Amino acid sequence: MTDPTPFELVNRRGETVRGVYQQGDGGEDAARPLVVMSTAFGQTFRKYLSAAAFFSGNGWDVVRYDITNHPGLSDGNPVDMRLTWMCEDLMDVVDACAAT
C-alpha cells in the first residue's frame with residue numbers, strides 16, 4: 001500500500017478542493033478500479049482512512065477529499081455550504097480523475 005499523495009483542484013466556483021490520492025496495490029502499470037470517497041456531513045476525509053486502506057490494499061486506487069464550505073482542508077466557510085455545491089465538488093473531482 002502506498003502513502004497518500006495530497007492533491008488540489010479548483011472547482012467550478014473557483015474554490016480549491018483538497019484531498020489525497022492513494023494508489024492501490026498492484027504496481028504502476030496495473031489497471032485498477034477507482035473509488036472516490038466524499039466526506040459525510042460534518043466529517044473530513046481523514047475519517048475514512050480505514051476504508052481507504054482496505055480498498056487500496058485490495059488493489060483499488062482511492063481518492064478522498066474534503067468538500068468546500070465545510071470543515072476540513074478545502075476552501076470556504078461552513079456557513080456558506082450548499083448541498084448542490086457538495087454534488088458539484090463530487091462531479092469536479094470525478095472529472096479531474098477521468099482526465100488523468
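**Exercise 1. Sort the lining of the largest pocket into nonpolar, polar and charged residues.**

Solution. The lining of the largest pocket divides into 10 nonpolar, 2 polar and 3 charged residues. Here Ala, Val, Leu, Ile, Met, Phe, Trp, Tyr, Cys and Pro count as nonpolar, Asp, Glu, Lys and Arg as charged, and the others, Gly among them, as polar.

A note on the source: this is a predicted model, where local features need pLDDT of at least 70, side-chain atom pairs count only at pLDDT 80 or more, and totals for chains, interfaces and linings use all residues. Residues are numbered from 1 along each chain as its sequence is written, and side-chain values use heavy atoms, with hydrogens and water left out.

**Exercise 2. Describe the largest pocket and find which elements line it.**

Solution. 
- Step 1: On a 1 Å grid over the protein atoms alone, a pocket is an open set of points where a 1.4 Å probe fits, with protein on both sides within 12 Å along at least five of seven lines; lining residues have an atom within 4 Å of a point.
- Step 2: give the volume. The largest pocket has about 260 Å³. Grid points are joined across faces, edges and corners, and the volume is the space filled by probe spheres set on the points.
- Step 3: name residues. The lining holds 15 residues, and Tyr21, Val63, Ala96, Cys97 and Thr100 lie nearest the centre.
- Step 4: name elements. Strand E1 (5–10), strand E4 (61–66) and helix H2 (83–99) each give two or more residues to this lining. E1 gives the most, with 5 residues. Helices (H or I, at least four residues) and strands (E, at least two) are DSSP runs, numbered from the N terminus.

**Exercise 3. Is Val62 buried or exposed, and which residues does Val62 touch?**

Solution. 
- Step 1: locate Val62. Its place is in strand E4.
- Step 2: classify. Val62 has a relative accessible area of 1%, so it is buried.
- Step 3: list contacts (heavy atoms within 4.5 Å). Not counting residues up to four places away in sequence, Val62 touches Val20, Tyr21, Gln22, Leu34, Val35, Met37, Ala52, Phe55 and Ser56.

**Exercise 4. Classify Thr44, Asn69 and Asp3 by relative accessible area.**

Solution. 
- Thr44 is in the loop between E3 and helix H1 (49–57). At 22%, Thr44 is partly exposed.
- Asn69 is in the loop between E4 and H2. At 3%, Asn69 is buried. Asn69 also has a positive phi of about 55°, although it is not a glycine.
- Asp3 is in the segment before E1. At 64%, Asp3 is exposed.

How values were computed
Buried means under 20% relative accessible area, exposed over 50%, partly exposed in between (1.4 Å probe, protein chains only).
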